[in-house]
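Hi everyone, thanks for making time today. Let me put the structure up on the screen and then walk you through a few spots in it.

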Amino acid sequence: MPDRPRPTRRPRGTRPPAPASATPVEGEEAIATGTVRLERDPDDPDGWTVLVNGVPSSYVDTADPTRLVFEYHQWTAAVLDAVHPPGPLRATHLGGAGCAFPRWLAATRPGSRQLVLEVDAELVEVYRRSFGASGPAGFKLRAADARAGLAPLPTGSQDALVRDAFAGDAVPAHLRTVEFLAEVDRVLAPGGLWVANLADRPPMPNSRAELATAFEVFAHAAVLAEPGVFRGRRYGNALLVASQEELPRQALVRALSGGAAPARLVLDDDARHFCAGSRVLHDELPDAPDDEPGPPPAPPEDTPA
């Protein structure tokens, strides 16, 4: 669940050819899980915010799929580019909404094989009606629960799994547990990357619980967020990143330090310290209480990025 987007103006002359599309219509309608609303960007006729149950869930630029407005989408792009060399990727996205990030990946890494799993079949139809068929846009869009949709994927078949699935402002409990992450690990290829978007508030209990859980399955993990979120100044998004292979610290720091939305990275040993004392999440007890004890959430002031 991202913050309200702050669109950045597109430099003149930078529009790539638009993918096959339909015609978005501003307004709200009912879907299986609640409501979806499309809002046109008043500053850009090609920009559309997709709100699911009142929560901004995607920003789609129908003319420029390489334009990412939400900060956490920019961070996800920076992480993928820092870890994986240029070229096509095999990626599965858990959660669809407006599919802004799969559109970006298809445009920036042509030939990528992508699957998007969206639990709400009616939201899938709204996407197709508003933004066009997903095939020409560079991915397959399937109505399915994220966890159930992973089950038929072959072992070692994916270079990246990206979770951006919410029920309201919270991640569904069954997509946060050790048992679920074991299935994620099965599907990832050697060197594959797990990237999970989450929303948090001081003292960042969700980030700490998901980190502790990730370290039960993956050898390496990190959390990143806007520095103000780490310092307990505001509610906001954080990303969890995990892999069985060592994550490239310096490349990640460089990637996350630049751009319009810099983020602070807490990796490996620092991340283990950050989540010390947090309860590991399991299927039989998936929710972490917001007031669970633990160390102060802020990373050391000299932590890079």
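Which residue in the turn between strand 3 and strand 4 has a positive phi? It is Asn 53, at about 55 degrees, in a hairpin with 2 residues between the strands. Before going on, some housekeeping: this is a predicted model, where local features need pLDDT of at least 70, side-chain atom pairs count only at pLDDT 80 or more, and totals for chains, interfaces and linings use all residues. Numbering starts from 1 along each chain as its sequence is written, and side-chain values use heavy atoms, with hydrogens and water left out.

Strands here are DSSP runs of E, at least two residues, numbered from the N terminus. Strand 3 (residues 44-52) runs antiparallel to strand 4, joined by 6 bridges; pairing takes at least two DSSP bridges. Val 52 stands opposite Val 55 in strand 4. As for strand 4 (residues 55-61), 7 of its 7 residues are buried, meaning under 20% relative accessible area, with exposed over 50% and partly exposed in between (1.4 Å probe, protein chains only).

Now, Arg 40 sits in strand 2 (residues 34-41). Arg 40 counts as partly exposed because its relative accessibility is 39%. Its side chain reaches the backbone oxygen of Pro 45 at 2.7 Å. Leaving out residues up to four places away in sequence, Arg 40 touches Glu 26, Pro 45, Gly 47 and Trp 48, where contact means heavy atoms within 4.5 Å. Between Arg 40 and Val 50, the C-alpha to C-alpha distance is 9.1 Å, and they are 10 residues apart in sequence.

Notes. Helices (H or I, at least four residues) and strands (E, at least two) are DSSP runs, numbered from the N terminus. A polar contact is a pair of N or O atoms within 3.5 Å; within protein, one must be able to donate a hydrogen and the other to accept it, and residues adjacent in sequence count only if both atoms are side-chain atoms.
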